Amino acid sequence: MFEPDGTVDVPPAGGEVRVLEAVQGALATPPVVRVARGMSFFGEHAAGWLVMGAVGALVDRRRRRDWVTATAAVAIAHGASIGVKRVVRRPRPQDPRVQVHVGTPSRLSFPSAHATSTTAAAVLFGALLRKPLAAALVPTMALSRMVLGVHYPTDVLAGSALGAAVAFAARKVARKEER
């Protein structure tokens with residue numbers, strides 16, 4: 001699977017285009033696409049999550065350090081997803097059965113950076129807010145990426161796994177520093 005340039009070739013699994021087609025057929029109504037585009041804008045380069053983390057740090061003075069640490073971990077998660085994208089170099093869906101409803105900053109698909117940063121933010125910010133944000137935010141962002149036709153199902157699953165791994169590592173490091 002390694003290419004001569006050192007990248008990895010990860011073609012879509014056999015049923016992934018069919019899953020995208022089914023998701024779009026069931027959910028890609030104009031109002032849903034509008035919401036998904038808004039989510040795409042919010043999650044671009046993790047900007048919305050970084051702003052939310054900064055607001056948390058400004059508002060919650062008692063736990064400012066925790067908010068800064070969590071926000072830094074979201075940025076690290078996003079950076080990690082970009083690094084993996086550049087190694088894997090999987091192209092975004094390009095099948096006539098899949099409608100693309102939004103522009104993207106790159107043609108690379110694996111993993112979904114939106115799913116990565118959303119998962120990291122949901123886990124870390126959810127812990128700070130004592131709210132189960134991941135249950136609501138992660139599936140919604142993952143589905144939005146498929147509704148928009150810019151990611152395969154394995155892209156969003158891998159992105160969520162990467163975001164969760166970074167979040168749990170950040171929590172572990174933060175706990176060690178508290179001791």
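This report describes salt bridges in a predicted model.

## Basis of the values

In this predicted model, local features need pLDDT of at least 70 and side-chain atom pairs count only at pLDDT 80 or more, while totals for chains, interfaces and linings use all residues. Residues are numbered from 1 along each chain as its sequence is written, and side-chain values use heavy atoms, with hydrogens and water left out.

Side chains of opposite charge can pair when their charged atoms come close. The structure holds four salt bridges (a side-chain nitrogen of Lys or Arg within 4 Å of a carboxyl oxygen of Asp or Glu).

One of them joins the side chains of Glu 16 and Arg 90, at 2.8 Å from N to O. Glu 16 lies in helix α1 (residues 16-27) and Arg 90 in the loop between α4 (64-88) and α5 (113-129), so this pair ties together parts that are 74 residues apart in sequence. Helices (H or I, at least four residues) are DSSP runs, numbered from the N terminus.

The side chain of Arg 90 also meets that of Asp 155 in a salt bridge, at 2.5 Å from N to O. Asp 155 lies in helix α7 (residues 153-178), so this pair ties together parts that are 65 residues apart in sequence.

## Burial and the network

Both Glu 16 and Arg 90 are buried (under 20% relative accessible area, with a 1.4 Å probe and protein chains only). The relative accessible area is 2% for Arg 90 and 0% for Asp 155, which is also buried. Salt bridges that share partners join Glu 16, Arg 90 and Asp 155 into one network.

## Asp 95 and Arg 97

Another salt bridge links the side chains of Asp 95 and Arg 97, at 2.9 Å from N to O.

Key: Helix = DSSP H or I, 4+ residues; strand = E, 2+ residues; numbered from the N terminus. Buried < 20%, exposed > 50% of the residue type's maximum accessible area, 1.4 Å probe, protein only.
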